[in-house]
Amino acid sequence: QVQLQESGGASVQDGESLRLSCAWSGFTYATYCMGWFRQVPGKEREGIAVVQNNNGDTYYVDSVRGRFTISKDNAKKTLYLQMNSLKPEDTGNYFCAASLRSCYSIDYRQSVFFAYWGQGAQVTVSS
C-alpha cells in the first residue's frame, strides 16, 4: 500500500525560506514520477515541481523555477521541497503526489495523472 505524508508546513514572512518533507512507503516501481502540488482556495490543485525517480530529472513551473528545489532521498524514502524567497502568492496547501507514469509521459501540472496523495501541508506567507 502506497502512503505519503507531508510535514514542514508553517507560517513565514515574505522573503523567508521553508522546507517541506514527504515520507513515502509502498513503492515497488522504478520509473515513477513524484512531485509537489499547490492548491489555493477556489482553484484546482496545480503541479509545481516534479522529479523522475530513475534518473533525478526535475521539472518546475515558471512561477517557482529558480526559487524552489525538489529533491529526494531514496535511502530515507523522503521527498523534499526547498522553498526560498517565498512570496505571499506562494500561500497554499502543498501536497506531495506520486504517479506510476514517468514525468516525461504526462502533463505534471495536472493532478489527474497522479494516483497517490498525501494529506497536505499548509504554507502561509505574510507580507
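Trainee: Which residue has its charged end over the ring of Trp117, and at what distance from the ring centre?

Mentor: That's Arg45: the charged end sits over the ring of Trp117, 4.7 Å from its centre. To count, NZ of Lys or CZ of Arg has to be within 6 Å of the ring centre and within 35 degrees of the ring normal. Before going on, keep in mind that this is a predicted model, where local features need pLDDT of at least 70, side-chain atom pairs count only at pLDDT 80 or more, and totals for chains, interfaces and linings use all residues. Residues are numbered from 1 along each chain as its sequence is written, and side-chain values use heavy atoms, with hydrogens and water left out.

Now back to Arg45, whose charged end also sits over the ring of Phe95, 3.6 Å from the centre of that ring. Phe95 and Trp117 are themselves an aromatic pair, edge-to-face, with 6.3 Å centre to centre and 80 degrees between the planes. For the cut-offs, rings of Phe, Tyr and Trp (its six-membered ring) pair if their centres lie within 6.5 Å; planes under 30 degrees apart are stacked, over 60 edge-to-face, and the rest tilted. Phe95 is in strand β9 and Trp117 in strand β10, so this pair ties together parts that are 22 residues apart in sequence. Strands here are DSSP runs (E, at least two residues), numbered from the N terminus. Phe95 counts as buried at 6% relative accessibility, while Trp117 is partly exposed, with a relative accessible area of 24%. In those terms, buried means under 20% relative accessible area, exposed over 50%, and partly exposed in between (1.4 Å probe, protein chains only).

Next, widen the view a bit. The whole structure has six aromatic pairs. One of them is Phe37 with Phe114, edge-to-face at 4.9 Å centre to centre and 75 degrees between the planes. Phe37 belongs to strand β4 (residues 33–39) and Phe114 to the loop between β9 (92–99) and β10 (116–117), so the pair ties together parts that are 77 residues apart in sequence. Phe37 is buried at 0% relative accessibility, and Phe114 is buried too, with a relative accessible area of 4%.

One joins Cys22 to Cys96, S to S 2.0 Å, and is right-handed, with 50 degrees about the S-S bond. Cys22 lies in strand β3 (residues 18–25) and Cys96 in strand β9, so that link ties together parts 74 residues apart in sequence. Cys22 is buried, with a relative accessible area of 0%, and Cys96 is buried with a relative accessible area of 0%.

Cys33 and Cys103 form a disulfide as well, their sulfur atoms 2.1 Å apart. The torsion about its S-S bond is about 95 degrees, so this disulfide is right-handed. Cys33 lies in strand β4 and Cys103 in the loop between β9 and β10, so the pair ties together parts that are 70 residues apart in sequence. Both Cys33 and Cys103 are buried. Number the bonded cysteines of the chain in sequence order and the pairing reads 1-3, 2-4.

Conventions: Helix = DSSP H or I, 4+ residues; strand = E, 2+ residues; numbered from the N terminus. Disulfide = S-S within 2.5 Å.
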